[in-house]
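Dear colleague,

Here is the structure for your files. My notes follow below it.

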Amino acid sequence: MPDHKIRWGVISTANIGRAAVLPAIQASRNGELVAVASRDGAKAAEFAAQLGIPRSCGAYEELLAAADIDAVYIPLPNSLHREWTVKSAEAGKHILCEKPLALNPAECAEMADAARAHNVKLMEAFMYRFHPRTAKVLELMASGVIGELRLIRAGFTFRLTNPANIRLQADLGGGSLMDVGCYCVNLSRTVAGREPLRAQALASWGATGVDEQMVGLLEFSGGLPAQFDCALTLERREFYELAGTAGSLFVPGSFLPGAADALIYERHGRAGETVHRVPGVDQYRLMVEAFADCVLADLPVPYPPDEAAANLAAMAALYRSAHNNGQPVNV
Ligand SMILES: NC(=O)c1ccc[n+]([C@@H]2O[C@H](COP(=O)([O-])OP(=O)(O)OC[C@H]3O[C@@H](n4cnc5c(N)ncnc54)[C@H](OP(=O)(O)O)[C@@H]3O)[C@@H](O)[C@H]2O)c1
């Protein structure tokens, strides 16, 4: 590997790669984008030309066999994350894989084992964690401005209109919880600082068998509830609110704030509110740079696969409850 830079390959011509992650790799201080692979060689070549990627491969295996690639970014449909993460680990590539890392905790454990056995890094690409606003929220909470955290609320919804979208395909790991609710679960576990004990959920199942909408509740020790909603059927909404005994924090545009300043409303009832402004930044670039730093310095990634497995365990419990008309279940 050249000094101070890792050489990236990307597995598939996914929209999220084109829109956000590949430009972030190209802009990163410690990475270069070497190749893209697609199941279709012509599609790979066209994608590479459009994005200025030096090389294209007509098969994912061809990219994994390349000696000049240190790490892969995997933005495949969720049902394919396990297979291609394991194959990438076996090929000796470090792996940044899209969220949710796997379909369930057992798959996640298999992926973690493969990464460990082949001595490569594996991290789930929840980019919002790398936005400095997330650290600012945690800092405000730790400073005690809201007192004791007593309620978490989160929502992430948008409206899908294309029936062919991977999010509507049950066999590809689609569904609103898998796609956007996973952020609400991740955020809730992060601010709670512990794992939920129980879960309840109600879902609206679409014609293709995926949860098109879900309302969920996670219960943490100490009687701390986290309630959330996620949907592929509603207008775009994304927010979270952390309510405490002495105040609350309201975070709009919570997962995709874009390049604009990211806001945190610190509220104290009739005593008024303070708006904290965190300068806009490319959170995808911060994520790929943080991952590449860990590869280059051989340091543990900040969010190891165990963390992803815990998120998936909470999600699995929510699905169990949703399939059982909202009965409470243990996580
Ligand atoms: N972090 C974020 O902000 C964010 C945002 C959106 C999505 N995501 C995640 O990124 C992943 C990809 O989402 P996306 O919306 O970008 O997907 P997408 O545009 O539908 O792309 C998925 C790619 O996977 C490849 N593929 C392989 N087998 C496939 C199959 N059976 N059906 C469909 N595609 C197949 C295709 O590439 P080839 O034809 O080139 O092989 C396709 O372009 C998901 O895990 C999603 O949760 C993350």
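**The sheet and its strands**

Six strands make an open sheet, ordered β3-β2-β1-β4-β5-β6, with parallel pairing. β3 (55-57) and β6 (122-124) are the edge strands; each has a single partner, so one side of each lacks a neighbour in the sheet. On average, neighbouring strands are turned by 25° against each other, direction ignored.

This is a predicted model: local features need pLDDT of at least 70, side-chain atom pairs count only at pLDDT 80 or more, and totals for chains, interfaces and linings use all residues. Residues are numbered from 1 along each chain as its sequence is written, and side-chain values use heavy atoms, without hydrogens and water.

Terms: strands (E, at least two residues) and helices (H or I, at least four) are DSSP runs, numbered from the N terminus. Strands pair if DSSP finds at least two bridges between them. Angles run from 0 to 180 degrees between N-to-C directions, with axes fitted to C-alpha atoms, for helices over the stretch in contact.

Now β4 (residues 71-74). Three bridges link β4 in parallel to β1 (residues 6-11). Trp8 has Ala71 as its bridge partner. Four bridges join β4 to β5, also parallel. There, Ile74 partners Cys97.

β5 (residues 94-97) pairs with β6 in the parallel sense over three bridges. Cys97 has Glu124 of β6 as its bridge partner.

Best regards
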